Amino acid sequence: MTGDEKKFINLINEHQGLIHKVCIMYVSNPELRNDLFQEIVLQLWKSFHTFRGEAKITTWMYRIALNTAISGYRKQTRNVKTQDLDEVHYNISEHPGAEDGEENAQKLQWAIRQLSEIERAMVMMALEEIPYEEIAETVGITQNNVRVRMNRIREKLRKLMNV
Amino acid sequence: MEIEDLKHIWKKQSEGFKPKDKTELANMLKGKSSSIIMRLKRNVWFELIFTFLGGLGLLAYALTLPGGYLKWTSIAILILFAVYSLYYLKKLRLLNRFDPGNEDIKANLERLIYNLKGYLKFYRRSYSVLYPVFFIIGLLFVAIEHGAEGFFNKVTKPDVLLILLPGAAVFFIFSSWLTSWYLKKLYGNLLEKLESLLRELEV
């Protein structure tokens, strides 16, 4: 393993939660989720030499991970929403004694998947407490636009969570 | 439900996450990319290598021929193979423009749409040129088979021209339609999806 590879693996190891969350938000099938995880790692590795530390490491990672999940990867396209709904209902009914927290987490996951792919990217970063400035930089819109869109997304999520 | 509540719920879902170890991550770097562009590139490389090897085999065979129509047929196919190799190289050059997706989501979408449209335009145009070439080669083979003089006497007859010209037009129109249909089936959904995502960001 080269020095660059070691440095890269350490970086991914430290921030793999971020990639995992992107995968959860864009793919519901666990097997395909693993494929997307690998694809994101490969794309990050391909771009690693271009990262010069001007942006925050997480901003760079979010950009590539989201670009890969949104537009660079095409596998699971059919019946995603139906499957997600079924999955949530299945999980909840299979575990009637499951804690409220777990149920809420599943419901939030489901609700986020009902949003558009761009909205998913934004809400995910917001929930990760990433400042609006960084969200704007990752998505390519103004901070004001982020604020307006986030208000709309919050409203949509509120309705979906109360279904 | 406020955003703070959602953040609290969001944190809960990270708890079930099983991190991958470093060996697993290192193995991922050796894996094959399943991105759309990489798959397209792999296909083009396969076609290029296949054409090159086929061309080499045909060249070796043509060199053993003493002369006659079989030799000329082989040379005509070799020229076609050479044209195809240039076509594949241009396709690879266009596909290389897609890498890598370092910029923000909006800029990445704009670049992808622009490059995908360029790629499809080239694909469509090259087939618009290649179909008449196929047609002419087909006619040449018939000429070789029947003898050039007899062939030209035959094709210049009005009744033959009356069948040949509409036939050529139908062949061209149908093959162009087929190419457009095939491209739409292959990349239409992807292009529509990218454009709708960009529209969403532009509103």
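Domain bounds here come from an automatic or database domain assignment. For chain B, that assignment gives domain 1 (36–99) and domain 2 (104–203). The model is predicted, so local features need pLDDT of at least 70 and side-chain atom pairs count only at pLDDT 80 or more, while totals for chains, interfaces and linings use all residues. Residues are numbered from 1 along each chain as its sequence is written, and chains are lettered from A and ligands numbered from 1 in the order in which they are written.

I shall stay with chain B for a moment. The C-alpha centres of its domain 1 and domain 2 lie 19 Å apart. Between these domains, 11 residues of domain 1 of chain B are in contact with 11 residues of domain 2 of chain B; contact requires C-beta atoms, placed from the backbone, within 7 Å. On the domain 1 side, helix 4 (residues 69–96) of chain B supplies the largest share, eight residues. Helices (H or I, at least four residues) and strands (E, at least two) are DSSP runs, numbered from the N terminus. By class, that domain 1 side has eight nonpolar, one polar and two charged residues. Ala, Val, Leu, Ile, Met, Phe, Trp, Tyr, Cys and Pro count as nonpolar, Asp, Glu, Lys and Arg as charged, and the others, Gly among them, as polar.

I turn now to chain A. Chain A has eight helices and zero strands. Of its 163 residues, 37% are buried, that is, 20 or more other C-beta atoms lie within 10 Å of the residue's own. Among contacts in chain A with a separation of 6 or more, 64% join residues 24 or more positions apart.

How do helix 7 and helix 8 of chain A pack, and at what angle do their axes cross? The axes come within 8 Å and cross at roughly 100 degrees; they are lines fitted to C-alpha atoms over the stretch in contact, with angles from 0 to 180 degrees between N-to-C directions. Helix 7 of chain A is therefore roughly perpendicular to helix 8 of chain A, the term for angles of 65 to 115 degrees. Helix 7 of chain A contributes Tyr132(A), Glu133(A), Ile135(A) and Ala136(A), and helix 8 of chain A contributes Gln143(A), Val146(A) and Arg147(A).

Finally, the contact between the chains takes 49 residues from chain A and 37 residues from chain B. Helix 2 of chain A gives the largest share of the chain A side, nine residues. That side comprises 20 nonpolar, 18 polar and 11 charged residues.

How values were computed
Buried ≥ 20, exposed ≤ 12 C-beta atoms within 10 Å, placed from the backbone. Contact = placed C-beta atoms within 7 Å. Parallel < 35°, antiparallel > 145°, perpendicular 65-115°, else oblique.
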